[in-house]
Amino acid sequence: MTEQIEAELALARRAQQAGNAGQARVCARRAAGIAIRAWSGQPGDALKQLKWLAGNPAMPEAMRAAAQRLA
C-alpha cells in the first residue's frame, strides 16, 4: 500500500516539476484516496474517499479542509 502511495506522490512531483499542475493534482488525489481507503475501509475511488473525509465531522478541521481542496 505505501509503495502505491509513494509512487503516486513521485509522479505528482515529476508532473509539478514539468509544469503540469493538473496531472500533479490527479496523482495527489490518487495517493490520498489510497491512504484514506487503507485507513477507513470505505469503498470507492479517490474522489469518493476525499469527499467522505471532507464531509466527516469526526475528522479534524485541517484534514477536512485538505480533503476539500483535493476534491
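Student: Helices here are DSSP runs of H or I with at least four residues, numbered from the N terminus. Which helix does Gln49 lie in?
Tutor: Gln49 lies in helix 3, which covers residues 46-54. Please note that this is a predicted model, in which local features need pLDDT of at least 70 and side-chain atom pairs count only at pLDDT 80 or more, while totals for chains, interfaces and linings use all residues. Residues are numbered from 1 along each chain as its sequence is written, and side-chain values use heavy atoms, with hydrogens and water left out.

Student: Changing topic: how do helix 1 and helix 2 cross?
Tutor: The axes (lines fitted to C-alpha atoms over the stretch in contact, with angles from 0 to 180 degrees between N-to-C directions) of helix 1, residues 2-17, and helix 2, residues 21-40, come within 8 Å and cross at roughly 165°. Helix 1 is therefore roughly antiparallel to helix 2, a term for angles over 145 degrees.

Student: Which residues meet there?
Tutor: On the helix 1 side they are Gln4, Ile5, Glu8, Leu9, Leu11, Ala12, Ala15 and Gln16. Helix 2 contributes Ala21, Gln23, Ala24, Cys27, Ala28, Arg30, Ala31, Ile34 and Ala35. By class, this contact of helix 1 with helix 2 has 12 nonpolar, 3 polar and 2 charged residues. Ala, Val, Leu, Ile, Met, Phe, Trp, Tyr, Cys and Pro count as nonpolar, Asp, Glu, Lys and Arg as charged, and the others, Gly among them, as polar.

Student: Where does Ala31 lie?
Tutor: Ala31 is in helix 2 and is buried, as its relative accessible area is 4%. Setting aside neighbours within four places in sequence, Ala31 is in contact with Ile5, Glu8 and Leu9. Leu11 is 20 residues from Ala31 along the chain, and their C-alpha atoms are separated by 9.9 Å.

Student: What about helix 3 and helix 4: at what angle do they cross?
Tutor: The axes of helix 3 and helix 4, residues 61-70, cross at roughly 145° and come within 8 Å. Leu50, Leu53 and Ala54 of helix 3 make the contact with Met63, Arg64, Ala67, Gln68 and Leu70 of helix 4.

Student: How many of those are nonpolar?
Tutor: The contact of helix 3 with helix 4 has 6 nonpolar residues, along with 1 polar and 1 charged.

How values were computed. Helix = DSSP H or I, 4+ residues; strand = E, 2+ residues; numbered from the N terminus. Parallel < 35°, antiparallel > 145°, perpendicular 65-115°, else oblique. Contact = heavy atoms within 4.5 Å. Buried < 20%, exposed > 50% of the residue type's maximum accessible area, 1.4 Å probe, protein only.
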